[in-house]
Amino acid sequence: MTSIDFLTLEVADPAAAERFYTDAFGLGKQVRLRASEEPTSGFRGFTVSLVVSQPSIVNGFFGAALAAGATELKPAKKSLWGYGGVVQAPDGTIWQLASSSKKDSGPDSRHIDEIVVLLGVSDMAATKQFYVDRGLTVAKSFGSKYVEFDGSASAIKLSLYGRRGLAKVAGVTPEGSGSHRLTIGGGAEAFTDPDGFAWEPVAA
């Protein structure tokens, strides 16, 4: 089975990005950084979600991200599905901070329950089948809008979203071109999916 062990974000200034992610989210080995000047513009076609247990944790991460230099794309607030907001890191990566709960049961613990990478895709059926053929198991599927793969064996979960829909969720326009500035670490072989997202093997 292909699992995700880490994400590598390609950034212009790795030292600055490391300071941001340490101060904002306290992220460890699941998110790596690599210097890159690959040209990119507009929406890069993906977001990363930090899923937490309650609104106070969302607010804590949201405030820490803004204090560390992030830009607010959507304010943290209640919605039909729970509570959350969206920020863009100084390196350009879009982060969704979300909880399915609308009420707090305790203080902010800064504990992250799940990290989810959402890839914006142009042909949901084709990309879904591409990943199934590589060993991933579908956990949830909502037609051409959303697919979630079983992440029980992964450090990071993978979901697919229609590109335009994901951009709307993120609070940005869907237009963009150039490098995704993202590499996914997992499995035993390198490959690139139909939307240009690259996977690299995990060293034994």
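Strand 14 and strand 15 (residues 198–200) run antiparallel to each other, joined over two bridges; strands count as paired if DSSP finds at least two bridges between them. Helices (H or I, at least four residues) and strands (E, at least two) are DSSP runs numbered from the N terminus. The model is a predicted one, with local features needing pLDDT of at least 70 and side-chain atom pairs pLDDT 80 or more, while totals for chains, interfaces and linings use all residues. Residues are numbered from 1 along each chain as its sequence is written, and side-chain values use heavy atoms, leaving out hydrogens and water.

Thr 192 has Ala 198 of strand 15 as its bridge partner. The whole sheet is open, with five strands in the order 2-1-13-15-14 and mixed pairing.

As for aromatics, the structure holds 14 pairs (ring centres of Phe, Tyr and Trp, the last by its six-membered ring, within 6.5 Å; planes under 30 degrees apart are stacked, over 60 edge-to-face, the rest tilted). Tyr 131 and Trp 199 make a tilted one, at 5.7 Å centre to centre and 45° between the planes. Tyr 131 belongs to helix 3 (residues 124–133) and Trp 199 to strand 15, so this pair ties together parts 68 residues apart in sequence.
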